[in-house]
Amino acid sequence: MDLSADLSTGERIRVLRESRGMSRASLAQLCGRGTDWLKKIESGERELRSHTLLLRLAAALQVHDLAALTGRDSGPAASVPLGRLAHPAMPAI
């Protein structure tokens, strides 16, 4: 997917989420956050400063490089570990 360079991080998250057919609630839940938090991130009302949350969002959206979310393409690729995500409703095994 080719995202426009002028999109903000929140807008990129929204576009990727919608392109994957995910609801805001399901993506927020995969990141251990609330729907209102994600709505504020996507609208630009709240800034996403946590690298950990950025990695969780990228993994949930199956994005291999953080540049797809941040729009910053400088330096080496910041790879995202993909795989199964821990879900808050799952007990620790």
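A quick word on the source, everyone. This is a predicted model, in which local features need pLDDT of at least 70 and side-chain atom pairs count only at pLDDT 80 or more, while totals for chains, interfaces and linings use all residues. Residues are numbered from 1 along each chain as its sequence is written, and side-chain values use heavy atoms, with hydrogens and water left out.

Let's begin with Glu42. Its closest atom pair with Arg17, an N and an O, is 2.7 Å apart, and the two form a salt bridge. Glu42 sits in helix 3 (residues 35-43) and Arg17 in helix 1 (residues 9-19), so this pair ties together parts that are 25 residues apart in sequence. When I say helix, I mean a DSSP run of H or I with at least four residues, numbered from the N terminus.

Are these two partners buried or exposed? Glu42 is buried at 4% relative accessibility, and Arg17 is buried too, at 6%. Buried here means under 20% relative accessible area, exposed means over 50%, and partly exposed is in between, with a 1.4 Å probe and protein chains only.

Glu42 has another partner: Arg24, with the closest N and O atoms 2.9 Å apart. That pair also links distant parts of the chain, since Arg24 belongs to helix 2 (residues 24-30) and lies 18 residues from Glu42. Arg24 itself is partly exposed, at 27% relative accessibility.

Now for a local one. Lys40 and Asp36 form a salt bridge at 3.4 Å between the closest N and O atoms. Both are in helix 3, four residues apart, about one turn of the helix. Lys40 is partly exposed at 27%, and Asp36 is partly exposed at 47%. Elsewhere, salt bridges with shared partners join Arg14, Arg17, Glu18, Arg24 and Glu42 into one network.

On to the nonpolar core, by which I mean a set of buried Ala, Val, Leu, Ile, Met, Phe, Trp, Tyr and Cys residues joined through side-chain atoms within 4.5 Å. Which members of the largest core touch the most others? Of its 19 residues, they are Ile13, Leu27, Leu38, Leu57, Leu61 and Leu69. Helix 1, helix 2, helix 3 and helix 4 (51-60) each give two or more residues to this core, and helix 4 gives the most, with five.

Take a look at Leu27 if you have the viewer open. Setting aside neighbours within four places in sequence, Leu27 is in contact (heavy atoms within 4.5 Å) with Ile13, Arg17, Met22, Leu38, Leu57, Ala60 and Leu61.

Back to helix 3, where Trp37, Leu38, Ile41 and Glu42 are buried. Those residues fall within an arc of 130 degrees seen down the axis, so they line one face of the helix; the arc is that of the directions from the helix axis to the C-beta atoms. Their cover includes helix 1, helix 2 and helix 4. Just past helix 3, Gly44 has a positive phi of about 85 degrees.

Finally, helix 1: its buried residues are Gly10, Arg12, Ile13, Leu16 and Arg17. They span an arc of only 160 degrees, which puts them on the same side of helix 1. Covering them are, among others, helix 2, helix 3, helix 4 and helix 5 (67-70). Gly21 follows helix 1 with a positive phi, near 70 degrees. Thanks, everyone!

Definitions and conventions:
A salt bridge is a side-chain nitrogen of Lys or Arg within 4 Å of a carboxyl oxygen of Asp or Glu.
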